[in-house]
Amino acid sequence: MPGREDLPSTLRRSPEKAQRTWEKTHDSAVETYGEGERSHRTAFAAVKHQFEKVGDHWEPKGRKGPSDQQAAGGGPERRAPTAGGVDANATKDHLMSVARKLDVPGRSGMTKPELVTAIEKANDRATRKARGD
């Protein structure tokens, strides 16, 4: 299966359901759009509807639905900022919980948009570390 071969490392460290979601969506997108960036973006969009990135892996969200402005609108012509897997639509309390889990410094004084940015940076650091970069 092409999706299994292309599975990103962050998903390899994630629950089986997240892996299956990415694989099935990726394979379907390859049939529709061909191999490449668009198929990967489509697969990640499907993952983001049920999972959020926490550190170097994906965890189930408490609710289903788009995680950020880009995931809500979608489409190849519409490009909006993405939060890199952070559930930017979550409550501030939830974002504080994720920031605490990732040991984000200064989190208690951050606004919701600042928390999203800080979590995204912490996730990127954790992913680089897990990959050995």
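Colleague: Is Glu37 buried or exposed?
Modeller: Glu37 is exposed, at a relative accessible area of 58%. Exposed means over 50%, buried under 20%, and partly exposed in between, with a 1.4 Å probe and protein chains only. This is a predicted model, where local features need pLDDT of at least 70, side-chain atom pairs count only at pLDDT 80 or more, and totals for chains, interfaces and linings use all residues. Residues are numbered from 1 along each chain as its sequence is written, and side-chain values use heavy atoms, with hydrogens and water left out.

Colleague: What does Glu37 form with Arg41?
Modeller: A salt bridge, with the closest N and O atoms 3.0 Å apart. The term stands for a side-chain nitrogen of Lys or Arg within 4 Å of a carboxyl oxygen of Asp or Glu. Arg41 is partly exposed, at 31% relative accessibility.

Colleague: How far apart are they in helix α4?
Modeller: Glu37 and Arg41 are four residues apart in α4, so about one helical turn separates them. Helices here are DSSP runs of H or I with at least four residues, strands are runs of E with at least two, and both are numbered from the N terminus.

Colleague: How many salt bridges by that rule?
Modeller: Five. One of them joins the side chains of Asp56 and Arg13, at 3.2 Å from N to O. That pair links distant parts of the chain, 43 residues apart: Asp56 sits in the loop between β1 and β2, and Arg13 in the loop between α2 and α3. Arg13 counts as partly exposed, at 32% relative accessibility.

Colleague: And what about Arg107 and Asp103?
Modeller: Arg107 forms a salt bridge with Asp103, and their closest N and O atoms are 3.8 Å apart. Asp103 is exposed, with a relative accessible area of 57%.

Colleague: Changing topic: which way do β1 and β2 run?
Modeller: Antiparallel, with four bridges joining β1 (residues 51-54) to β2 (residues 57-60). Two strands count as paired if DSSP finds at least two bridges between them. Glu52 stands opposite Glu59, and the bridge partner of Phe51 is Pro60.

Colleague: Which residue takes a positive phi in that hairpin?
Modeller: Gly55, near 70°, in a hairpin with two residues between the strands.

Colleague: Where do the β1 side chains point?
Modeller: Phe51 and Lys53 point one way, Glu52 and Val54 the other, and all are buried. In a regular strand the side chains alternate between the two faces of the sheet.

Colleague: Back to α4: which residues are buried?
Modeller: Ser39, Ala43, Val47 and Lys48.
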